[in-house]
Amino acid sequence: MGIVDGLLSGFLQSISIEVFPYLLAGSLLGLMIGVIPGLGGHFAMAMVIPFLYSLDPAPGIAFLLGAHATVAQGGGLTAIFFSTPGTGQNAATLLDGPPMRNKGLGAMAAGAALTACFLGATFGAFTLALLLPVLQQIVLFFGPPEIFVLAFLALTFVAVLGKEDLSRSLIAALAGLLLAMIGLDNVTNQERFTFGLLELRDGLELVPVILGLFAVAEMFELWVGGGTLTGEGHRRLSARETQKQIFQGVISAFKHWWLVLRCSAIGVTMGLIPGLGSAAAAFIAYGHAKQSSKTKDTFGKGNIEGVIGSEAANDAVEGGALASTIAFGVPGSSSMAILLSALFVLGQETGLNMVTTRVDVVFIMIFTIIIGNFIGMVGGMFLVNPLSRVTGLRGGIMVPVLIAIVFTGAFAVGRSWFDIGVALVFGVIGYLMKELDYSRAALLIGFVLGFPVERNLYLALQLSGPYFIFDPIPLTLTLIMILFLGYNVWTILRDRRRAEPLTR
Amino acid sequence: MTDEKQKTGAERGGPRKAALELCFVSFIGIVVSAGFVVALNYDIVSARAPLFIMVPLLFLIAAQLLQTRAATEQDVLLAELSRAVRGQNRKVNVAIGFIAWMALLLALIFVMGHYAGMAAFMFVLLRLVSKESTRLSVCVTVGVTIVVYLLFEHVFNIELYRGLLFRLFAGFDF
């Protein structure tokens with residue numbers, strides 16, 4: 001089947017009466033799941049899988065990918081209005097979304113985030129369509145040594161570009177990497193740092209850690225400080241003003257089209273590399289948005305570019321992740337691994353067969369992502385007003401309710417009582433980190449990258465020996481990392497030297 | 001990179017933050033040091049990555065401790081710590097109290113199950129601690145519990161933890 005035939009067939013199937021209702025239902029389900037802290041894209045897809053046995057491939061794919069596509073949009077709204085990432089991939093949105101909400105611009109941030117998600121996803125989907133023949137060659141250049149070094153580069157970006165200071169961010173990033181080492185070592189099967197606890201043998205679950213670091217820590221601060229989630233500084237917006245802000249946010253996302261394009265490109269590239277995932281892409285895109293902005297100083301204090309950059313990247317990732325999944329059968333994330341299993345359930349074979357003879361199926365996926373995100377954007381706009389009103393509630397009412405829901409979310413992931421305890425412990429750690437300006441994002445990204453870092457280090461040593469670092473791509477990435485870190489250390493020392501005469 | 005980013009806890013938040021940072025970083029330092037000793041006993045393949053991470057981490061922790069310590073007078077730091085230990089720091093008291101409430105929620109869920117535990121927790125906090133009206137407390141508690149029940153048990157098909165008491169009455173062995 002040719003590309004044009006596949007495109008037409010895929011589009012017509014996506015909007016057909018047999019497929020579209022499933023796409024709509026999946027997209028709304030995904031949006032709802034995204035809003036609930038702790039339930040992410042893989043949860044949405046896992047929930048849909050039991051229904052696939054009774055569906056044809058086209059509606060099955062639309063239902064599954066529709067549910068997955070809108071999760072990040074729902075999660076972005078929760079991140080902005082409750083300082084809690086609905087999913088892990090929205091963690092970067094926390095840096096500028098809640099500060100915008102505190103300024104009374106929450107609806108604008110939400111409008112921009114929803115639109116950036118849609119634009120990013122559309123960019124990712126189009127890129128997937130355009131580059132499919134080329135991608136196979138590019139991905140093959142990234143083996144374990146390259147991924148190992150790239151993961152460290154991602155960590156360096158996060159540590160350096162965060163709003164916290166360099167040494168504190170590096171402590172957090174390294175601590176995050178160390179936390180990822182808890183559990184059974186995949187190579188030797190040796191238990192590490194488990195203290196004999198059976199629950200720690202599989203390592204710490206990601207979702208309770210995220211919920212603790214961000215959700216519980218926010219509740220902690222609200223309880224200790226009193227007041228409301230948005231603070232006392234601004235009045236509540238009317239429905240009309242909220243709608244006005246949403247449209248300002250939408251327009252702002254379109255105005256920053258060049259930023260959306262660049263961050264989406266980062267997202268697609270990161271998505272292509274298995275294991276890095278959308279959380280890392282969002283943070284790197286955030287770093288890029290900050291670095292390239294004319295208003296760097298306002299990042300972390302409620303800059304809309306920070307929201308647009310990270311949200312565009314985290315949805316664009318899906319285009320890249322989907323490419324490596326359907327072209328090579330290499331899932332780039334846990335969600336893509338579920339998609340791969342679901343495609344088997346639907347009788348679809350990935351690899352050469354899919355990209356040559358079932359091009360229509362690839363285009364159903366592409367149009368599902370685009371249409372699903374559009375549904376998510378419109379549906380999400382209706383959620384903004386009720387969510388923005390809820391944030392004006394007193395802490396005394398909000399905290400008990402949200403803590404109960406967050407603990408329920410922590411339990412639901414692994415059906416484990418132990419995970420609630422993990423959320424509590426990381427809640428205390430997250431609160432202290434926030435109080436003392438230690439980067440929670442760096443800790444989280446270190447934790448997320450810990451497993452791929454160790455696995456790829458092992459594979460790199462096995463494949464290329466200790467000198468893998470001198471291979472061309474790892475060497476180039478290492479040099480970029482050293483130069484970047486060196487430049488920032490130099491600027492810190494220079495600023496200190498300049499400040500010394502003033503303090504004397 | 002602004003100057004503000006490079007300030008220690010003492011410079012930004014006064015001696016209270018400096019004391020808190022010293023305690024926090026010391027605690028992390030102790031945990032990482034213990035982990036370092038433990039990791040020395042692992043197979044070389046298993047120990048390689050953790051040790052590779054812990055060496056720079058310990059150096060950074062030591063540097064941060066020295067920097068924070070140098071920025072504040074020792075007497076001021078000790079006085080601040082002493083105040084916190086004697087319960088004279090309101091923020092610390094509230095924070096410890098909140099940890100206790102969350103630990104209580106954990107215990108309630110373990111014994112009474114998820115729904116009864118979270119309902120009891122919400123009602124007690126709303127009515128007794130936040131001093132909300134009885135009507136509002138009951139409405140919020142019942143409403144949230146029902147929504148969570150419907151969402152998790154019927155929509156997502158996730159059975160939440162039933163608790164020790166339920167297991168006892170259902171005849172399970174412990």
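Q: How many helices and strands does the secondary structure of chain A come to?

A: Helices (H or I, at least four residues) and strands (E, at least two) are DSSP runs, numbered from the N terminus. Chain A comes to 21 helices and two strands. Please keep in mind that this is a predicted model, where local features need pLDDT of at least 70 and side-chain atom pairs count only at pLDDT 80 or more, while totals for chains, interfaces and linings use all residues. Residues are numbered from 1 along each chain as its sequence is written, and chains are lettered from A and ligands numbered from 1 in the order in which they are written.

Q: And what does the secondary structure of chain B come to?

A: Chain B has seven helices and zero strands. Read from the N terminus, its elements run α-α-α-α-α-α-α. The radius of gyration is taken over C-alpha atoms, and the globule rule is 2.2 Å times the number of residues to the power 0.38. For the 174 residues of chain B that rule gives 16 Å, but the radius of gyration is 23 Å, well over it, so chain B is more spread out than a compact globule. The C-alpha trace of chain B spans about 55 × 50 × 35 Å along its principal axes.

Q: What share of the residues counts as buried in chain A, and what share in chain B?

A: A residue is buried if 20 or more other C-beta atoms lie within 10 Å of its own, exposed if 12 or fewer, and partly exposed in between, with C-beta atoms placed from the backbone. Of the 504 residues of chain A, 60% are buried. For chain B, with its 174 residues, the share is 30%.

Q: Why does T78(A) count as buried?

A: T78(A) is buried because 24 other C-beta atoms lie within 10 Å. You will find T78(A) in helix α5 (residues 71-82) of chain A. Now look along the chain: T78(A) and A282(A) are 204 residues apart in sequence, and their C-alpha atoms are 16 Å apart in space.

Q: How can I judge the length of a helix?

A: The expected span of a helix is 1.5 Å times one less than its number of residues. Take helix α2 (residues 20-35) of chain A: its 16 residues reach 23 Å from first C-alpha to last, close to the 22 Å expected. Its buried residues include Y22(A), L23(A), G26(A) and V35(A). Helix α19 (residues 417-435) of chain A has 19 residues and reaches 28 Å, close to the 27 Å expected. Among the buried residues of α19(A) are D419(A), F426(A), Y431(A) and E435(A). After α19(A) comes D437(A), whose phi is positive, near 65 degrees.

Q: Where is the kink in α2(B) centred?

A: The bend at a residue is the angle between axes fitted to the seven residues ending there and the seven starting there. In α2(B) there is a kink of about 30 degrees, centred on P50(B). This helix has 28 residues and reaches 40 Å from its first C-alpha to its last, close to the 40 Å expected. P50(B) is buried, and other buried residues of α2(B) include I53(B), L57(B) and L60(B).

Q: Which residues is L60(B) in contact with, leaving aside its neighbours within four places in sequence?

A: Two residues are in contact if their C-beta atoms, placed from the backbone, lie within 7 Å. L60(B) is in contact with S167(A), L170(A) and I171(A). L60(B) counts as buried because it has 23 C-beta neighbours inside 10 Å.

Q: What pLDDT does chain B average?

A: pLDDT is the predictor's confidence in each residue, from 0 to 100. Chain B averages 84, and 90% of the residues score at least 70. Over residues 1-6 of chain B, pLDDT stays under 50. For the complex, the predictor gives an ipTM of 0.89 and a pTM of 0.72.
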